[in-house]
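Please look over the sequence and the structure shown here before reading the report.

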Amino acid sequence: MEKMSRVTTALGSSTISGRTMFCHLDAPANAISVCRDATQVVVAGRNIFKIYGLEEEQFVEKLNLRVGRKPSLNFSCADVMWHQMEENLLATAATNGAVVTWNLGKPSRNKQDQLFTEHKRTVNKVCFHPTEVYMLLSGSQDGYMKCFDLRKKESVSTFSGQSESVRDVQFSMKDYFTFAASFENGNVQLWDIRRPDRYERMFTAHTGPVFCCDWHPDDRGWLATGGRDKMVKVWDMTTNRAKEIYCVQTIASVARVKWRPERKWHLATCSMMVDHNIYVWDIRRPFIPFATFEEHKDVTTGIVWRHQHDPYFLLSGSKDSTLYQHMFKDASRPVDRANPEGLCFGLFGDLAFAAKESLISGDANRKPYPGGDRRYPIFFFKKPDLTEQFAHVSSALSVFESSLESKRMDWFVKTARLYLLSGKPFAELCDHNAKVAKELNRPQVSTTWTMLRIMFSDPANLSTPGPNHIGKLGTLPLMNSFSMKEMGMGTESRLDRSKGESRQDNIHLELGNSLINSNNDENEETEGSEGQAEYMFGDAELDDDDLYSMDMFFSLVFSAEEQEYTLPQEAFPLRHEIMDNPLAPEHLQQDKADSPQASGNEAEVMCLTPIESFSLISISQPLFSPHLPAPFFCPVVREMLSHYAEQGDVQMAVSVLIVLGDRIRKEIDDLTQEHWYMSYIDLLQRFELWNVSNEVIKLSTCSAITCLNQTSTTLHVNCSNCKRPMSNRGWICDRCHQCASVCAVCHHVVKGLFVWCQGCSHGGHLEHVKNWLKSSSHCPAGCGHLCEYT
Amino acid sequence: MFVARSIAADHKDLIHDVSYDFHGRRMATCSSDQSVKVWDKSDNGEWNCTASWKTHSGSVWRVTWAHPEFGQVLASCSFDRTAAVWEEIVGESNDKQRGLSHWIKRTTLVDSRTSVTDVKFAPKHMGLMLTTCSADGVMRVYEAPDVMNLSQWSLQQEISSKLSCSCISWSPSSSRAHAPMIAVGSDDSNTAYSGKVHIYEYIENTRKYAKAENLMTVTDPVHDIAFAPNLGRSFHVLAIATKDVRIFKLIPLRKESAVGSSGPTKLQVQILAQFDNHNSQVWRVSWNISSTLLASSGDDGCVRLWKANYMDNWKCTAILRGDGSPVAGSSSQAAVPSTAGGPQHVLLQASSAGSGLMLLNGKGTPSPYRPTSQKHL
């Protein structure tokens, strides 16, 4: 596996090589330490004390230091440290308070050298002086730190933190006499080894215990501390007051912290509970770990860099009884999986976009990003420093606001506001809605409305069309598309024969699609679908023959659709009949010129001379209106509504559904209707069109929809006469037996809008009360109340 | 046609997610700096930060709004293995004067053992529910039985898959003909485990979600997934951000017997479009409200808008730079990379994921430009 590829690092004279590997221990580890030349590691725990050799492919057990049939508590180690100068010297901190040193050079099996039992409670930490062979420091739960000279039988000095238990002690790498100690109460103390009476300095580093601390290997005076408050803090100790210069927030309490060799800004941490991973952080970017090692299955208890000058090998021991060697290149990088971009479409078509600045400004063709980002010059031939790239990141946030009206949802809002769905005769509703759609530059929708009017109106209505009906409302595309639709449903071969240039694929277009075809190009955007305006008659002058075949299609279609229905043969002569009507062609021509749609669509103008187009209309009217019953169109309309819905214009589907009412309702199954209503209402509410949404709910016939208005609404009604709650459902108070909703001015029952004064509960028709209030501010009922209306 | 309005977000690390609320007047951002910010649109169209607070002790991957019917409620999820639900508190007069609002944590969902990578509220008609997914491949569905009590959430279901999950999306359909549906994407990088998108459907009989579909053709890591607003359609449309942008159409096949809802609905899966114009990982996809436009953003730092014509032919209608400047040739059509036209070399700084530099040649295919002795860090 690639993951196991070997890495060899030359470090002066010695060479370290190896791979990610692990071995099982017999027992959970509490601490590990490596010898100076990075070839062996010692693992210590409550029930384990072993030395493993680090070989290329595996760990090899070298020595078991737990000897004797009944090991004493002295072997129960909380901490272990291998001397960095003297390769045979080890020290352990025992849970029973003993500090033990071990001499590997001893010939006997028991390597125990010295035993100090001066601490009264668990020793949490032992630490050798980095340069002094015989100097050992210990920190204990009993609150004392002791310094031992290994040539003597007992400690040479005792330091009393006078805080609480000591969790960690660390000799400074650079200052010979200085060591740092961290405490359970959140304090960190700095001591001079020569002055056991008093600490040099003390500061509160964390809230809660400080479990660990580590001096920076290179930077004099940088101390990293980790605490139960899940934070790692880096302190600059060179100033008079310890100054917090970096703070890393981890996700669990920090048990160990170790600076990474050769990397100024990196440190590794592990946690003592919940989290089993080892993280390497770049302290300049304190939020995302630079690298993560996720191998352990239980809490990691000890981490140590294998060699003090090699940043690629990390060793760790864990409560899961394993010892791991981690290769840095096998680490997982959380940043790689972290999403550098955020993107969201807003309701009004605006687009919020947040992206890593380097991604946006990465294009050399562009000027630098307006923020002036000179921190990342683009190197052409020099390798960019990846750690630098990691450390400096930020995102740019911008909102793209659509300047095109069509991209915004204005049309939806306007349409919703302006449509009339009830309260007028069907034809007027259609005309009104067609006009609204037309004004919003949506000819397809407009045409649909007009077509619906034609299809479903009474023949009597149509026979006397107002002058503004046919011409204005874009009947031309209607007829064309309609006929095309019909042709599509008819026999294709016939169509091919008569119109060789019309393409085969036109035939497959559905009704709505063919309607799109009649839109001019500018309107494409509005319609939510970009029609390739393949206008069927665009390049063909219609002559009588064509017209003839057209009519043949109509008859064909109808006979195909409805076998019992046959088209009357007199469809043709009618042309002349209507030509006799002198008014219509004029109107048609005028309106066509006025209409932006017609003039915008050159193809249309070119292809259909007024007379020809008129003939089409004139044919169509007698064709459809007198002879075809409205239900005939239902399948077509149903299909059209579904088409609108599938295209995402549920507004149209619902509006038509409401306006057509019973004409179409039974054609569409309730579940679909309910779905449409729900979707449309949801949209309306998004746009805060509460009135429209309410109207739609009211007009809907689905029980599931109408009940929307009744949920969580409670009305409490009091009688305006006796002022007591009305108990029954009607408007007659059962206490005073009077009608409760009588207008105080005209004394008639109010139906519909009823205004009343909140103070005296008298009121009546809006108009009457309004008029009354012009003359008097007292209640019209004569109760003497000074009424207030807001 | 787009005007960019740059906002000084002032997040201290990467922004991972932006999210509009139901009415499009508020926006929330979340960042690795462990904070969430809420932005309100003023009357003149400017976005003002009205709240910024520390939400987690790790990177915040996602933030999402609940339907306003449940109050001003946000959910966030984080690297710190938790998801949290926040509610805005009205009042606090001095805060109001400074134009700041106050958000308090209503609950912390601590069931995950690894990073929680996504959180999404269910569509309103299902009540107050949310779902999370995590890096160890577990999807969880929570429900607040009492919509007035945002601090009480019960874990309804846990579904484990072997693959680490990166994103999740509810089907927004409110139709009773459609069972509730959740799509989960995985960013597992091993392409050998095929099918990085799983679709779960609610089974009425068992009251559990069960796997309905696995999109086997999606084998690369998936970074984002989004159902299109349904708007009364009979089918579902799903956009996927992986190494390219993909749009799938999922058509529920009617079951023979209406009663036999013991198994998930069979779905007919059609791929509508697949675009690799980003030439890199695609990180995000987002639908507009009428589901006519899809926006995608990729490692190339561009936002691309996709649109279908009536024939369901999808093509690119716009390319936007981070600062809103249109990319040359952005009006050019689909399948033609924007950099076409001359062997111009566009230098892109590689993401921190990759190493070294990336050179884009005129054909728009990236050729990795790696310095010789590259050292792993």
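Predicted model: local features only at pLDDT ≥ 70, side-chain atom pairs only at ≥ 80, totals over all residues.

## A four-stranded sheet

Chain A contains an open sheet of 4 strands, arranged in the order β8-β9-β10-β11 with antiparallel pairing. At its edges stand β8 (77-82) and β11 (112-116) of chain A. Each of these two has a single partner strand, so one side of each is left without a neighbour in the sheet. From one strand to the next, the twist averages 20 degrees.

The partner of β11(A) considered here is strand β10 (residues 99-103) of chain A; the two pair in the antiparallel sense over 4 bridges. Within this pairing, V100(A) is placed opposite L115(A) in β11(A). In a regular strand, side chains alternate between the two faces of the sheet.

Strand β22 (residues 231-236) and strand β23 (residues 243-249), both of chain A, run antiparallel and are joined by 6 bridges. One of the paired positions is V234(A), whose bridge partner in β23(A) is Y246(A).

## A buried threonine in a helix

T415(A) lies in helix α4 (residues 410-418) of chain A. Is T415(A) buried or exposed? Its relative accessible area is 0%, and because buried means under 20%, T415(A) counts as buried.

Which residues does T415(A) touch, leaving aside neighbours within four places in sequence? T415(A) is in contact with V436(A), L440(A), R442(A) and Q651(A).

Note on methods: Residues numbered from 1 in each chain as written. Chains lettered and ligands numbered in written order. Heavy atoms only, no water. Pairing = 2+ DSSP bridges. Buried < 20%, exposed > 50% of the residue type's maximum accessible area, 1.4 Å probe, protein only. Contact = heavy atoms within 4.5 Å. Axes fitted to C-alpha atoms, helices over the stretch in contact; angles between N-to-C directions.
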